Amino acid sequence: MATVLLRAVLRPFRWLPSHPRPAAEMPLRARSDGVGLLYPHHIPTSPLQKALLAAGSAAMALYNPYRHDMVAVLGETTGHRTLKVLRDQMRRDPEGAQILQERPRISTSTLDLGKLQSLPEGSLGREYLRFLDVNVSFQLLCTQSPDRTGE
């Protein structure tokens, strides 16, 4: 969805100079200048294109905060430096470095919902469980933890 939207938004700006696209067979992030395909359907953009996307998506996200696609585009176009700082902080911390090394997947099948429920109010794990309760189907959660009741 976001890729289709991004292509539609960028179509009028094709005449603007952009980073050259790497060959499809080139490994991800293989180019030395750091500009390459970040994922299979990545569309490289110039700084001007990023600025236009950021301004447009910010205006639309403020106008209608329920446009999650615009909030996502805003984050993708403006969050690069913040992500680098976060990554560097994680690398300096032993537990963060381990997470970056192992790259674990978080899904309802890998969560111990009982343990999350036993965490103190306001903790990240407890708030994540609250998020799951609101946004994920109760039946999906019950298949993971049969002792969970529908409070």
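Helices are DSSP runs of H or I, at least four residues long, and strands are runs of E, at least two long, both numbered from the N terminus. This is a predicted model, where local features need pLDDT of at least 70, side-chain atom pairs count only at pLDDT 80 or more, and totals for chains, interfaces and linings use all residues. Residues are numbered from 1 along each chain as its sequence is written, and side-chain values use heavy atoms, with hydrogens and water left out.

**View 1. Ala-72 sits in helix 3.** Helix 3 covers residues 68-78. Ala-72 is partly exposed because its relative accessibility is 33%. The cut-offs are under 20% relative accessible area for buried, over 50% for exposed, and in between for partly exposed (1.4 Å probe, protein chains only). Ser-57 is 15 residues from Ala-72 along the chain. Their C-alpha atoms are separated by 8.5 Å.

**View 2. The whole protein chain holds eight helices and zero strands.** Along the sequence the pattern reads α-α-α-α-α-α-α-α. Of the 151 residues, 25% are buried. The protein chain exposes about 11,600 Å², and carbon and sulfur atoms supply 61% of that area. Accessible areas come from the Shrake-Rupley method with a 1.4 Å probe; for residues, only the protein chains shown count as cover. Contact means heavy atoms within 4.5 Å. Among contacts between residues at least 6 apart in sequence, 43% join residues at least 24 apart.

**View 3. Asp-93 caps the N-terminal end of helix 5.** Helix 5 spans residues 94-102. A side-chain oxygen of Asp-93 lies 3.1 Å from the backbone nitrogen of Glu-95. Arg-103 follows helix 5, and its phi is positive, near 50°.

**View 4. Tyr-128 and Phe-131 form a stacked aromatic pair.** Rings of Phe, Tyr and Trp (its six-membered ring) pair if their centres lie within 6.5 Å; planes under 30 degrees apart are stacked, over 60 edge-to-face, and the rest tilted. The count by this rule is one aromatic pair. Its ring centres are 6.2 Å apart, with 20° between the planes. Both residues lie in helix 7, three residues apart, about one turn of the helix. Helix 7 runs over residues 124-135. Tyr-128 counts as partly exposed because its relative accessibility is 30%. Phe-131 is also partly exposed, with a relative accessible area of 45%.

**View 5. Ile-106, Tyr-128 and Phe-131 make a nonpolar surface patch.** Patches are made of residues with over 30% relative accessible area and no salt bridge; like charges are joined within 9 Å, and nonpolar side chains (Val, Leu, Ile, Met, Phe, Trp, Tyr) within 5 Å. A salt bridge is a side-chain nitrogen of Lys or Arg within 4 Å of a carboxyl oxygen of Asp or Glu.

Methods:
A polar contact is a pair of N or O atoms within 3.5 Å; within protein, one must be able to donate a hydrogen and the other to accept it, and residues adjacent in sequence count only if both atoms are side-chain atoms.
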